[in-house]
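Biologist: I am new to reading models. Could you take me through one, feature by feature?

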Amino acid sequence: GVSTPAEHDEREIRMPPSLTLSKVRSLKQQALKGGLESGLEVSTVALACIYFERLCLDCRVDKRNRKLSFAACLLLAFKNNEPHVALEPERKDVVDRGSMSSLIGPTKKSSNN
């Protein structure tokens, strides 16, 4: 059935005991300060916080790996949210598109053989 607000508050939130809310808040505050200093959008840092909270609630983050985990979340948020991030390499000489397509699947020449 439908849960009341009192029942919702009583549900247990699973987090590792070594990861306190003060550590999570401090990490978010540091990320926001660093993100603003480096010119990131606030929404990018907010998205990283959401990713990080999901990892925390899934018990995948503890006191030892919290900074590394948040850095990974920030990287994913940056790639997904920043408007000036290109998904394709800017230099044509770095990646030969013909060689990349041969790695992905068979070419028309090889399928005719």
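**Reading the loop and the helices**

Modeller: Start with Arg 60, which sits in the loop between H3 and H4. Helices (H or I, at least four residues) and strands (E, at least two) are DSSP runs, numbered from the N terminus.

Biologist: What should I know about the model before I go on?

Modeller: This is a predicted model, with residues numbered from 1 along each chain as its sequence is written. Local features need pLDDT of at least 70, side-chain atom pairs count only at pLDDT 80 or more, totals for chains, interfaces and linings use all residues, and side-chain values use heavy atoms, with hydrogens and water left out.

Biologist: What is the mean pLDDT of the protein chain?

Modeller: pLDDT is the predictor's confidence in each residue, from 0 to 100. Here the mean for the protein chain is 77. Of its residues, 65% reach 70 or more.

Biologist: Where does pLDDT stay under 50?

Modeller: One such stretch is residues 99-107. The model has two contacts there beyond four places in sequence. Contact means heavy atoms within 4.5 Å. Another stretch under 50 is residues 109-113, with zero contacts beyond four places in sequence.

Biologist: How many helices and strands does the protein chain have?

Modeller: Six helices and zero strands. Along the sequence, the pattern reads α-α-α-α-α-α.

Biologist: What does Arg 60 touch, not counting residues up to four places away in sequence?

Modeller: Arg 60 touches Leu 55 and Asn 65. Arg 60 and Pro 16 are 44 residues apart along the chain, and their C-alpha atoms are separated by 8.4 Å.

Biologist: Where is Asn 65 found?

Modeller: Asn 65 is in the loop between H3 and helix H4 (66-81). With a relative accessible area of 25%, Asn 65 is partly exposed. Asn 65 and Leu 19 are 46 residues apart in sequence, yet 9.9 Å apart in space, C-alpha to C-alpha.

Biologist: What about Cys 59?

Modeller: Cys 59 also lies in the loop between H3 and H4. Its phi is near 60 degrees, a positive value in a residue other than glycine. Cys 59 is partly exposed, with a relative accessible area of 38%.

Biologist: Now the helices. How do I describe a packed pair?

Modeller: Give the angle between the axes and the distance between the axes. Axes are lines fitted to C-alpha atoms, for helices over the stretch in contact, and angles run from 0 to 180 degrees between N-to-C directions. Take helix H2 (residues 21-37) and helix H3 (residues 42-57): their axes come within 9 Å and cross at roughly 155 degrees. That makes H2 roughly antiparallel to H3. The classes are roughly parallel (under 35 degrees), roughly antiparallel (over 145), roughly perpendicular (65 to 115) and oblique (the rest).

Biologist: Which residues of H2 and H3 meet?

Modeller: From H2, they include Leu 27, Ala 31 and Leu 36. From H3, they include Val 45, Cys 49 and Phe 52. The residues of this contact divide into nine nonpolar, one polar and two charged. Ala, Val, Leu, Ile, Met, Phe, Trp, Tyr, Cys and Pro count as nonpolar, Asp, Glu, Lys and Arg as charged, and the others, Gly among them, as polar.

Biologist: At what angle do H2 and H4 pack?

Modeller: At about 45 degrees, with their axes 11 Å apart. H2 and H4 are therefore oblique to each other. The contact is made by Lys 23, Leu 27, Lys 28 and Ala 31 of H2 and Arg 66, Lys 67 and Phe 70 of H4. By class, this contact of H2 with H4 has three nonpolar, no polar and four charged residues.

Biologist: And how do H3 and H4 cross?

Modeller: Their axes come within 8 Å and cross at roughly 130 degrees. That makes H3 oblique to H4. Among the residues in contact are Phe 52 and Leu 55 of H3 and Phe 70 and Leu 74 of H4. By class, the contact of H3 with H4 has 13 nonpolar, five polar and one charged residues.

Definitions and conventions: Buried means under 20% relative accessible area, exposed over 50%, partly exposed in between (1.4 Å probe, protein chains only).
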